[in-house]
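Open the model in your viewer and keep the selection tool ready. We will go from stop to stop, picking a few residues each time.

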Amino acid sequence: MPASLIDIVRKRFLETIRSVQPPGRWKVVVIDEHAQRLLGAVLKQYDVLEENVTLIESVSSYRQPQPGLEAIYFLMATTQNVDRVIQDFSGTETTYEGAHLFFMDSLPEHLFNRLCSSPAERYLKRLSDLNINFRALESQTFSLHAPQHFFSFYSPPPSSQAVAACRARIEEDLLFTAKGILNVCISINENPLIRYYVPDHPPLGALTNQTVADRNTRMPPSEGSGRWKGALASAAARVDLGGITGGGPNEEGGDHLSKKLAFMVQRELDDYAKANPDFIKTAAPNRPKPVLIITERAMDMFAPFLHEFTYQAMCNDLLNIEGGVRYRFKFQTSSGKYEDEIATLSETDTMWTEIRHHHMQEAIEKLMKEFNQFLEENAGFRGGDAATSVNDMKDMLAGMDQFKEQRQKFSVHLNMAQESMDIYGKKHLENVAKVEQNCSTGLTVQGKAPKTLVEDMVPLLADQTLTGRDKVRIIAVYIQFRQGIPDEDKKRLFQHAGLSLSEQDAVNSLVNMGVRVLRTPADRDLRKMKQKPADDDYDLSRYQPLLKTVIDDQINNRLDASQFPYVRNAPGPSGAGLGAIPPPNTRAPPTTTSLRSSKPSWHRAPSKVGGPGGNVNEKDDKNRQKMIVFVLGGMTYSEMRTVYRMSDSSSKDIYIGSSHIYTPNEFIDDLKVLEHGGVGSQAAPNGLQSVEVRGEPRPYQMAYDQKYYVKDPPPPPPAQPAPRQNPAPESQNRLSGASQNHLNPLAGLGNSTSPSIRSNMSGGSTPDGREKEKKKRFFKF
């Protein structure tokens, strides 16, 4: 079984905290807003406090000095955070006794030098780059949490004057993406060979020569035109030259997004390997080389529109699940009252992880099996009668007040399943899915070419139970099946479906994703990637994402090298080649140009913390090949499911990542505003920001500082004098507080009436005031 990304990141955080063992045992965690999200995604507040942590404070808050405690800092590598650390250890009174600095990304050399030349240097115990700036969503799924990249990559420039600025933004966002992928590779301790997708269509977004104004006056060239053939020929020529435009094998070059990103990732990996000679030192010598495959959203434009009927994908499509993890529902108790419930869908929910990739019918059957097994183990409950339907299960759950844990386990999934199936029936999704599957596969259930698509589709477009977005999905897959339709036919479909202007914009924006929307009689059929046969027997789930074809071909060594070239030469039969990793004894010696090599030893993290060459994967099968699939511009739940299934069937460790996850409705909403640079979207409501400074692309550190900037709160008001009270004898107060803290040193962290370590060590204000101040700064995960 592949090593879980969640477990890897969780272990990295815990071992980092445990590696700090101050003489006084207790320590403080200081964290910024962005690092807190990474920490909170894998650890609960209790987990942190259990590691002899007395308090978790925000680095941007005004903190009272605690000279008797050492602090662990979890920070993004920003100029602002470095200045905050320096400020904590400047002046006559330092905030803490010492500092252990851990950055989520690599700290740039100039910021490292700023720390070394500051008054804080003498208080620094350790400095380490954790390289875990990515979201581990699931055991084999990660996200860079950058949905705005979709608009950066695919929105056409508004004018010819804006082309340079838009391309500079693409370069900047690709660099952020490359560093995120680097962090994943470091975390799983792999330096992979890199392959990238070469589309058949010309470059998209700002990488094309068309602006929004051009699109409104010119149609894309037909496949049979000379200009289209010329574009394909030039792309093929670049592939023949090893994917390089203008020179040697280390240049980025190229026009397509996936190619640009591939060369950036290779450069980041090379730089990291030179600076860290222990990187992948523990890799098994006989294991197949790891592979990173970079694709993009435009490769498969059916997947974001289709109705999926596997449990996770269907629920996220039809239900309101916040961020794919938080589900709100009402549960009826035995007394007839309804209770509001909030469920978190996470890896700790074993029922969720077992059924999320099953077809909905199979998921319901498994739920019923598990429920009836529970009834057999508790035969006295309801007389031992078995549940034969979802409604039976819900009725029984209403009376399970004495089985709170089991009730919570089953109720959330029963509600999700029943609510999804209710919507399925109400919207006649069986008929909708039939049209979608015939269009996406190009075949009927009988294996023949569909000849009644229009007759099947027209009644659905007039159906009042379907929303405008449902009808956009039908029209989008139909246009792709036809590889474009005449303009008059498109207008008729819009009118018959009653689409709003914004919904029409969503369909028209398919052209920005490489889809031919309009077709003339002179246009020929475009080449399509062959789809792998379905791996189940459900008529409404016959389409398989093209990612399955790519992974399967890679596993079987038949992936087309012209469509997925290597950044470096493909490995030979023995794994040798330019892309292969040299044995440890032939590696180049570590670089000596880094200024860190001449600094004190506190800047290096001890090996027991983890990191490059660590033992996070020691329980895994050493000979299992690892593969990372990255989808530029957003991935779907169907593609995530594909990776899990392919990983299980091939006995390989396959991970998937992207800038974010798309549900069909979210994808349509973003298509609506794609030509407006995302203005009005959730990801970029004000549109894309400028990345230029005085007409030049801004430096990466400036962009990084802005991305992770956190505004400081206003200074606290001056403390008011406490009212005079009749004090208890001093000896009694000292004895009472000391004895309680000795028995329960963490008591004050969760109870405002108990003395706390902070109360004993801070001094200077009343106990009530200290407790209020502590609560203000305490982080909630």
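Select Glu15 and Lys11 in helix α1 (residues 5-18). Because these two sit four residues apart in that helix, about one helical turn separates them. Helices here are DSSP runs of H or I with at least four residues, strands are runs of E with at least two, and both are numbered from the N terminus. Glu15 and Lys11 form a salt bridge, with their closest N and O atoms 3.9 Å apart. A salt bridge needs a side-chain nitrogen of Lys or Arg within 4 Å of a carboxyl oxygen of Asp or Glu. Glu15 counts as buried, at 17% relative accessibility. Lys11 counts as partly exposed, at 28%. Buried means under 20% relative accessible area, exposed means over 50%, and partly exposed lies in between (1.4 Å probe, protein chains only).

A word on the model: it is predicted, so local features need pLDDT of at least 70 and side-chain atom pairs pLDDT 80 or more, while totals for chains, interfaces and linings use all residues. Residues are numbered from 1 along each chain as its sequence is written, and side-chain values use heavy atoms, leaving out hydrogens and water.

Next, select Arg326 and Glu322. Their side chains meet in a salt bridge at 3.6 Å, N to O. Arg326 is partly exposed at 31%, and Glu322 is partly exposed at 32%.

Move to helix α19 (residues 487-497). Asp487 and Lys490 lie three residues apart there, about one turn of the helix. They form a salt bridge, the closest N and O atoms being 3.8 Å apart. Asp487 is partly exposed, at 31%.

Now pick Glu190, Arg287, Arg624, Lys626 and Asp653. Salt bridges that share partners join these residues into one network. The structure holds 35 salt bridges.

Last stop: the sheet. Show strands β6-β7-β15-β13-β9-β8, which in that order form an open sheet of six strands with mixed pairing. Two strands pair if DSSP finds at least two bridges between them. The edge strands are β6 (135-138) and β8 (193-196), each pairing on one side only.

Zoom in on β7 (residues 141-143) and β15 (residues 653-658). They run parallel, joined by three bridges. Ser143 has Ser658 as its bridge partner in β15.
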